[in-house]
There are 2 protein chains.
Amino acid sequence: MTAEPDDSFHVFDTTLRDGAQREGINLTVADKLTIARHLDDFGVGFIEGGWPGANPRDTEFFARAAMELDLKTATLVAFGATRRAGGKAADDPQVQALLDSGAPVITLVAKSHDRHVELALRTTLEENLAMVGDTVSHLVAQGRRVFVDCEHFFDGYKANAAYATQVVRTAHEAGASVVVLCDTNGGMLPAQVQAVTGLVLADTGARLGIHAQDDTGCAVANTLAAVDAGATHVQCTANGYGERVGNSNLFPVVAALELKHGRRVLPEGALGEMTRISHAIAEVVNLPPSTHQPYVGVSAFAHKAGLHASAIKVDPDLYQHIDPEMVGNTMRMLVSDMAGRASIELKGRELGIDLGEDRELVGRVVARVKERELKGYTYEAADASFALLLQAEINGRPQRYFRTESWRVITEDRPDGTHANEATVKMWAKGERIVATAEGNGPVNALDRALLSALERIYPKLAEFALVDYKVRILEGTSGTDSTTRVLITTTDGEAEWSTVGVADNVIAASWQALDDAYAYGLLRAGLEPQE
Amino acid sequence: MTAEPDDSFHVFDTTLRDGAQREGINLTVADKLTIARHLDDFGVGFIEGGWPGANPRDTEFFARAAMELDLKTATLVAFGATRRAGGKAADDPQVQALLDSGAPVITLVAKSHDRHVELALRTTLEENLAMVGDTVSHLVAQGRRVFVDCEHFFDGYKANAAYATQVVRTAHEAGASVVVLCDTNGGMLPAQVQAVTGLVLADTGARLGIHAQDDTGCAVANTLAAVDAGATHVQCTANGYGERVGNSNLFPVVAALELKHGRRVLPEGALGEMTRISHAIAEVVNLPPSTHQPYVGVSAFAHKAGLHASAIKVDPDLYQHIDPEMVGNTMRMLVSDMAGRASIELKGRELGIDLGEDRELVGRVVARVKERELKGYTYEAADASFALLLQAEINGRPQRYFRTESWRVITEDRPDGTHANEATVKMWAKGERIVATAEGNGPVNALDRALLSALERIYPKLAEFALVDYKVRILEGTSGTDSTTRVLITTTDGEAEWSTVGVADNVIAASWQALDDAYAYGLLRAGLEPQE
């Protein structure tokens with residue numbers, strides 16, 4: 001830890017503890033250390049690492065964190081429970097494990113809902129207060145800073161406001177530096193959170209925090225409502241990971257505090273790293289980053305409507321609530337049939353091609369895009385096919401590296417229930433005719449392998465390409481298997497990804513077009529000279 | 001439309017207009033009609049269908065809606081703009097197209113931000129007011145109900161409150177029945193929305209609505225904040241689809257109004273259909289339903305076994321903010337526990353089969369559905385495949401009309417650019433072996449025709465079946481053309497429609513399974529006796 005940071009407002013992250021409760025997340029100790037480094041880079045004040053003693057992985061995390069983590073701004077926090085009923089905090093092994101973790105800050109979860117004390121904890125309301133007071137004062141006496149999470153606080157307040165408030169008061173008087181009001185079941189709405197937080201603050205004088213779950217879709221708003229009412233400590237998780245629907249999402253919360261409230265809660269420059277850090281954490285937990293996440297999603301500043309595009313050219317501020325660069329994101333123009341000249345020009349600029357001067361060329365491209373979109377092509381999700389179309393219009397003809405004479409694919413279901421897929425392609429490249437055959441686990445996979453087999457001697461670069469996504473959409477819902485089929489393919493060369501589109505009366509032919517574009521764009525991107 | 005419904009609170013859906021702005025959504029007219037039926041089943045008050053006149057697809061939608069849609073609770077709404085500057089509403093072709101659409105309600109978008117009037121609309125502030133007043137009164141005089149969307153209202157109010165308020169007053173005085181305050185750029189937080197809505201209501205006395213975008217992650221809360229301040233009309237989209245991050249999500253908004261505010265805004269029983277309808281609409285737009293969507297996500301009531309598990313057994317209310325059945329969802333204790341007994345029983349009942357008495361049978365069906373869903377099958381959108389599964393469990397073996405020995409399909413791209421698709425099937429039916437070959441315009445179409453050709457002599461009924469929809473989804477996005485493929489097929493016999501599912505490592509084999517189920521269910525439905 002560096003010199004004592006500003007303690008007036010806490011950004012407290014619990015991705016590693018509560019966030020890990022999300023269905024589908026299963027973190028190794030190495031994952032947790034990596035995420036902690038990202039969170040520290042982002043500049044959060046506190047990182048709750050887990051519950052030492054509750055499971056070996058969390059115990060190991062704190063042991064390794066002490067050795068391996070060199071945190072710049074964040075303080076590590078251990079999570080645990082108040083002592084058992086009828087015992088003493090000083091003799092409680094679970095409490096001792098919290099001290100043994102070496103974490104300078106400890107968050108204690110405490111019951112504050114009378115029914116939970118009776119039904120889940122199976123003790124008396126008085127003993128629960130004693131457990132809170134005893135555990136807090138013991139840990140404080142051992143030199144630790146203590147935060148108390150009042151579980152089910154808002155439901156508890158509704159059921160028995162006097163008791164819930166008494167739990168807060170007890171924690172505060174025993175020396176807890178923050179008492180956190182938790183909407184554990186996530187059922188609250190902002191107006192309720194704001195009212196209750198204000199009342200508890202007035203009643204107890206304790207420093208209050210907020211921990212919101214997203215079950216009503218209002219976790220971010222609930223967090224901000226508590227801040228409006230005087231809370232100065234927000235508990236969040238990266239990308240809103242958490243049990244059920246999830247927790248209050250760290251990124252829109254800090255963005256609102258910094259950009260809307262004008263309150264500095266992160267180190268200088270950190271907000272501009274937000275998009276990168278959000279995506280990096282998604283990679284570690286192995287979930288695809290949400291494309292529509294506020295501020296950091298790839299769609300968060302994507303504009304589709306042609307109506308807006310001309311005005312955006314005049315002044316992007318008219319159609320964006322913030323400058324995307326403030327959060328490390330970028331504006332994107334989607335090319336769709338609602339698009340006009342303005343969005344084609346902006347899209348070209350995005351691809352590094354300035355079309356602004358050549359009105360006639362832009363007109364040709366707009367006409368070509370409209371003509372293709374009428375047939376079912378879509379360029380908003382197929383940048384690489386759009387780039388090839390643009391190049392063809394600029395050069396007067398397509399940039400070609402190879403030409404298809406014909407292809408054939410056979411898919412067979414055998415009496416034993418297995419399938420065979422065999423593709424043959426006849427291609428021309430650099431004046432040479434090549435015939436190749438390959439098998440695959442589906443017809444498109446067989447075609448892909450045959451194409452690669454035909455061309456890789458001539459273009460060794462092709463061996464680096466790999467298909468990473470394949471989407472199929474049937475465009476007309478009224479004629480069943482007679483319909484037009486659109487295929488979108490995403491390809492990578494290990495560095496970048498690009499997407500291509502194919503449209504045909506059948507799924508195989510549409511896939512072939514998208515594959516053809518995918519390979520052609522990869523070669524163009526690699527800087528190779530086109531030649532059939 | 002039935003008898004005049006309660007007009008005191010409007011649930012206004014704009015999935016078909018503003019929701020379609022979401023990146024990746026591209027709706028056909030048939031898709032829009034299907035979604036409108038789902039929204040009407042859900043009981044929304046208004047369905048905004050698009051902008052007639054702005055593009056041929058929306059014009060066609062209104063023409064077909066007038067013929068084909070028989071709405072129970074909803075009223076269809078056409079969206080459009082105020083008249084051009086310097087003209088007259090009565091002479092404006094865009095305004096005339098709104099009237100021509102035949103929609104009984106028209107939403108007009110109007111500028112209310114002074115800078116947008118000057119920079120985007122390029123007219124004077126006075127002329128903009130005239131455009132609003134003239135267009136509203138013209139449409140009202142033509143017998144239409146008019147809602148006015150004040151675009152960029154909250155940003156406009158911040159810049160020039162007097163002018164923004166004047167736009168509301170002008171619309172109101174010209175006869176608009178609702179004036180909708182729009183957070184078009186989505187940058188607002190609930191406290192601001194609530195304060196401004198309250199001020200405008202006090203200043204103008206107009207009936208107010210709210211249209212919120214989710215760029216701060218607060219669209220649902222912003223919508224509810226406006227309602228707290230007196231708005232009685234909420235504009236939302238199914239699953240929060242919309243431009244950039246999205247729109248205010250219809251489902252958590254109505255759930256909060258009904259379950260938290262205690263305000264009845266949907267017909268009796270509709271809320272219990274929410275999960276089903278959310279997922280069905282996701283299928284139509286061909287986006288995977290969000291697993292973590294509040295209320296309706298499959299994870300929304302999923303509890304990781306652990307701390308909470310035993311307490312949930314004692315009393316689930318302790319750990320859930322609502323009973324999931326209120327919104328048609330289910331509590332889940334296990335990660336793979338997608339299908340609960342209750343939903344199986346309900347689906348059985350839906351198909352006319354009461355499973356309620358036979359606990360053991362229901363258990364077997366639940367186990368079978370879970371096993372199949374683990375492989376990628378989905379029965380939410382494939383009732384006919386589910387009915388066949390149910391019949392197989394009731395009878396102890398599948399009901400079979402025919403059996404496949406093997407099939408083969410060849411797709412060929414010829415040097416002249418045409419495609420040939422030829423399928424051969426080897427089938428057994430009523431003790432007879434039949435080999436048939438057919439061509440089609442795609443491999444699945446060729447298989448479909450070969451199957452029909454093989455069996456129609458034995459089952460003449462088959463000639464009445466027609467495929468009406470065909471959807472493909474790749475289930476694992478990380479291995480390109482190697483992935484598992486799911487196909488959903490909808491078939492009709494001219495009276496009813498039914499949907500079937502197939503899952504396999506390639507699109508042709510998955511399509512074959514879905515075709516097989518489609519024909520088998522059609523024969524079952526026709527009351528024919530099964531016999532291979």
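Helices and strands here are DSSP runs, helices with at least four residues and strands with at least two, numbered from the N terminus. On that count, chain A of this predicted model comes out with 17 helices and 16 strands. Taken along the principal axes, the C-alpha atoms of chain A fill a box of roughly 85 × 60 × 50 Å. Of the 532 residues in chain A, 54% are buried. As for how the chain folds back on itself, take the contacts in chain A between residues at least 6 apart in sequence: 68% of these join residues at least 24 apart.

Next comes the meeting of the two chains. On the chain B side, 92 residues are in contact with 93 residues of chain A. Strand 9 of chain B, residues 403-413, supplies the largest share of that side, with nine residues. Sorted by class, the chain B side that touches chain A has 40 nonpolar, 31 polar and 21 charged residues.

Looking at one of the pairings in detail, strand 13 of chain B (residues 485-492) and strand 14 of chain B are linked by eight bridges in the antiparallel sense. Within that pairing, B:Thr485 stands opposite B:Ala504 of strand 14.

In one, the axes of helix 8 (residues 190-204) and helix 9 (residues 219-228) of chain B come within 8 Å and cross at roughly 30°. Angles under 35 degrees count as roughly parallel, so helix 8 of chain B is roughly parallel to helix 9 of chain B. The crossing of these two helices is right-handed. On the helix 8 side, the contact is made by B:Pro190, B:Val193, B:Gln194 and B:Thr197, and on the helix 9 side by B:Ala221, B:Asn222, B:Ala225, B:Ala226 and B:Asp228. By class, this contact has five nonpolar, three polar and one charged residues.

The other contact brings in helix 7 of chain B (residues 161-173), whose axis comes within 10 Å of that of helix 8 of chain B and crosses it at roughly 50°. Helix 7 of chain B is therefore oblique to helix 8 of chain B. This crossing, too, is right-handed. Here B:Thr165, B:Val168, B:Arg169 and B:His172 in helix 7 meet B:Val200, B:Asp203 and B:Thr204 in helix 8. The residues of the contact of helix 7 with helix 8 of chain B divide into two nonpolar, three polar and two charged.

Note on methods
Residues numbered from 1 in each chain as written. Chains lettered and ligands numbered in written order. Predicted model: local features only at pLDDT ≥ 70, side-chain atom pairs only at ≥ 80, totals over all residues. Contact = placed C-beta atoms within 7 Å. Nonpolar A, V, L, I, M, F, W, Y, C, P; charged D, E, K, R; others polar. Pairing = 2+ DSSP bridges. Buried ≥ 20, exposed ≤ 12 C-beta atoms within 10 Å, placed from the backbone. Axes fitted to C-alpha atoms, helices over the stretch in contact; angles between N-to-C directions. Parallel < 35°, antiparallel > 145°, perpendicular 65-115°, else oblique. Left-handed = near helix turned anticlockwise from the far one by under 90°.
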